[in-house]
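Subject: Structure handover

Hi,

Here is the structure I promised to pass along.

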Amino acid sequence: MKKLNVLLAFAFFALLSTSALAQDEITDEDLRRYALLDEVVDAMKSEISDLTKEIVAKQEGIDGKRFNELNKGQGEPASEFEQKFMDLVNKKKDERIADIKTVNSILATKMISGGAKKYKAVKAALKSDEAVKERYAKIQAVMAASEDGA
């Protein structure tokens with residue numbers, strides 16, 4: 001009887017650990033969804049650059065070269081007008097960055113099964129696990145190839 005209890009306890013713990021491992025496992029589907037999410041965020045980030053270029057192009061008195069000088073704190077000190085313009089541009093950029101963070105948070109909980117916890121696990125694995133990095137790179141390559149063919 002004692003032997004049976006030990007075996008049952010062992011089987012129970014084995015079952016629990018297998019279940020826990022299955023929940024922590026990062027599947028190719030998790031990586032694919034993470035890649036899609038990453039693609040959306042990257043597209044939104046590139047829109048910030050496009051928006052900034054558009055604002056600068058429309059603004060009389062500041063060209064791309066002067067904007068870059070002001071942005072890097074180089075060249076002549078900013079005039080009052082230039083400072084107000086830079087404040088406006090930075091405000092727009094900050095708003096977009098906040099929007100990106102909100103979208104990223106929503107998508108992380110909705111797109112990836114397991115929600116934010118799984119998202120964070122995938123993100124951490126991509127930083128530290130070479131096997132996961134390789135799988136992710138293959139998934140990104142397939143996605144890029146399908147976009148090129150579309």
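Before the helix pairs, one definition: axes are lines fitted to C-alpha atoms, for helices over the stretch in contact, and the angles run from 0 to 180 degrees between N-to-C directions. Please keep in mind that this is a predicted model.

With that in hand, take α2 and helix α5 (residues 115-128): their axes come within 11 Å and cross at roughly 90°. Angles of 65 to 115 degrees count as roughly perpendicular, so α2 is roughly perpendicular to α5. The residues in this contact comprise 6 nonpolar and 3 charged ones, with no polar ones. On the α2 side you will find Asp30, Leu31, Tyr34 and Leu37, which meet Lys118, Tyr119, Val122, Lys123 and Leu126 of α5.

The other pair I looked at is helix α2 (residues 28-58) with helix α4 (residues 80-111). Here the axes come within 10 Å and cross at roughly 165°, and α2 and α4 are therefore roughly antiparallel to each other. The crossing of α2 past α4 is right-handed. Its contact residues divide into 17 nonpolar, 2 polar and 7 charged.

As for the whole chain, there are 6 helices and 0 strands. Of its 150 residues, 24% count as buried. The accessible surface is about 10800 Å², and carbon and sulfur atoms account for 58% of that. Finally, among contacts between residues at least 6 apart in sequence, 63% join residues at least 24 apart.

Best wishes

Definitions and conventions:
Residues are numbered from 1 along each chain as its sequence is written. This is a predicted model: local features need pLDDT of at least 70, side-chain atom pairs count only at pLDDT 80 or more; totals for chains, interfaces and linings use all residues. Side-chain values use heavy atoms; hydrogens and water are left out. Helices (H or I, at least four residues) and strands (E, at least two) are DSSP runs, numbered from the N terminus. Angles under 35 degrees count as roughly parallel, over 145 as roughly antiparallel, 65 to 115 as roughly perpendicular and the rest as oblique. A crossing is left-handed if the near helix is turned anticlockwise from the far one by less than a right angle, and right-handed if clockwise. Ala, Val, Leu, Ile, Met, Phe, Trp, Tyr, Cys and Pro count as nonpolar, Asp, Glu, Lys and Arg as charged, and the others, Gly among them, as polar. Buried means under 20% relative accessible area, exposed over 50%, partly exposed in between (1.4 Å probe, protein chains only). Contact means heavy atoms within 4.5 Å. Accessible areas come from the Shrake-Rupley method with a 1.4 Å probe; for residues, only the protein chains shown count as cover.
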